[in-house]
Amino acid sequence: MSEADLTRSERPQPRAGVMEIAAYVPGKSKGTHGKTLHKLSSNETPLGASPKAKAAIETVAHNLELYPDGAANELRDAIAETYGLHPDRIICGAGSDEILSFLAYAYLGAGDEAIYSEHGFLIYDIAIRAAGATPVVAPETDLKTDVDAILARVSDKTKMVFIANPNNPTGTYLPFEEVKRLHEGLPAHVLLVLDAAYGEYVRKNDYESGIELAATSDNVVMTRTFSKVYGLANLRIGWGFGPSHIIDALNRIRGPFNVSGMAIAAGIAAVQDREFLTRAVEHNDEWLPWVTAELEKLGLKVTPSVGNFVLVHFPDEDGKRAADADAYLLQHGCVLRQVANYGLPNALRMTVGSEEANRTVVEHLKTFLGQA
Ligand code: PMP
């Protein structure tokens, strides 16, 4: 009997909802014909990783046969010291994606609802559905998270709210006053997840990554990552900070050795290399406004961003749409990100790259738009 002949009941079936998950589509890494000049599709840093983090990995390379410290004690200590937190209230994961999944698996199940924002990071949708729960999408206003829209969607079934602050792919942020208003409007049993993957890049006085709220509330967790400003995306390290009772629950479902020894060693060195971090943030301070201004000079609309990327909107005109621009740039080895799956069919997301990458993309877009 061929596989096609098997009836559904004769083969293993995933849990309800799993087949409704749209698998995450990562940013492309190659231009047309395999040519890549500049990869600006996954919000990776153009500065690479701290040399100290690279050196730290080498020390672990001599002991690949040994399991890592599953609790990542030294990494949690280093993070705690840097950010002024208690290490017992930190959990490390294989990327912050893993922490987001732990939260969903530990706190959501069939019949529960979790809310995220219209153009919010798509891992939330995946994590919610994978846990068997139902995603509820709150509309945004001007591509910004709308606190009232979220609060209006809280029901008896709501168990969790996910906010990326700043948000990917829009680059917009919620001022801390708004985050507090959201928190105050939520019932105490609803868990508020503040995903600050791009928190280090934000230069706004009214922004707070969520440390204060997670430190003082029973229902707030903040997640962070080493993948962006620290340049360690390849190693997969992220962390969460929250009340002890939540960290305890997450630790119970965490794989015993979920973070590798190399990731731990590199993470410790990276979080202690403040000079490198400052340079990475300063690079963004210089080039985020430059990229924004240059794209606007071409007549493109750019959503004001506080992250290390910009959302660029293209004309609704044959041959000039986002998909056309993407194809053109790919031909020239510049890889940006289409964001149609985020409900933004006529925009591209561009990571702020090296000076050369930024200038090259702007030049190509100038030609593409017939302005060269
Ligand atoms: N949150 C947001 C908003 C992101 O953009 C990303 C990376 N794309 C992540 C979390 C996850 O990053 P990582 O798993 O590499 O820590």
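Mentor: Domain bounds here come from an automatic or database domain assignment. In this predicted model, that gives domain 1 (24–48 + 275–368) and domain 2 (51–272).

Trainee: How far apart are the C-alpha centres of the two domains?

Mentor: They lie 25 Å apart. Still, the domains touch: 27 residues from domain 1 and 27 residues from domain 2 take part in the contact.

Trainee: What makes up the area buried between domain 1 and domain 2?

Mentor: About 2,300 Å² is buried between them, with 67% of it on carbon and sulfur atoms. On the domain 1 side, Tyr24, Val306 and Tyr342 lose the most area to domain 2, together 30% of what that side buries.

Trainee: Which charged pair can I look at, and why is aspartate 285 with arginine 203 called a salt bridge?

Mentor: Set the value against the cut-off: a side-chain nitrogen of Lys or Arg must be within 4 Å of a carboxyl oxygen of Asp or Glu. The closest N and O atoms of aspartate 285 and arginine 203 are 2.7 Å apart, so the pair passes. Between domain 1 and domain 2 the count is 1 salt bridge.

Trainee: How do you know that lysine 28 and aspartate 326 make a salt bridge?

Mentor: Try the rule again: N to O comes to 3.6 Å, and the limit is 4 Å, so this pair counts too. The partners sit 298 residues apart, with lysine 28 in the segment before β1 (38–39) and aspartate 326 in helix α11 (residues 322–331).

Trainee: Why is aspartate 326 called buried, while lysine 28 is called partly exposed?

Mentor: Buried means under 20% relative accessible area, and exposed means over 50%. Aspartate 326 has 2%, so it is buried. Lysine 28 has 42%, which falls in between, so lysine 28 is partly exposed.

Trainee: What about glutamate 317 and lysine 320: buried, exposed or partly exposed?

Mentor: Glutamate 317 is at 40%, so it counts as partly exposed. Lysine 320 is at 23%, so that one counts as partly exposed as well. Their side chains meet in a salt bridge at 3.8 Å, N to O, and that is within 4 Å, so the name holds.

Trainee: Where do glutamate 355 and arginine 359 lie?

Mentor: Both are in helix α12 (residues 355–368), 4 residues apart, about one turn of the helix.

Trainee: How many salt bridges does the rule give?

Mentor: The count comes to 17 salt bridges. Some link up: Asp148, Glu178 and Arg181 form a network.

Key:
Residues numbered from 1 in each chain as written. Predicted model: local features only at pLDDT ≥ 70, side-chain atom pairs only at ≥ 80, totals over all residues. Heavy atoms only, no water. Contact = heavy atoms within 4.5 Å. Buried area = accessible area lost by both parts, 1.4 Å probe. Helix = DSSP H or I, 4+ residues; strand = E, 2+ residues; numbered from the N terminus. Buried < 20%, exposed > 50% of the residue type's maximum accessible area, 1.4 Å probe, protein only.
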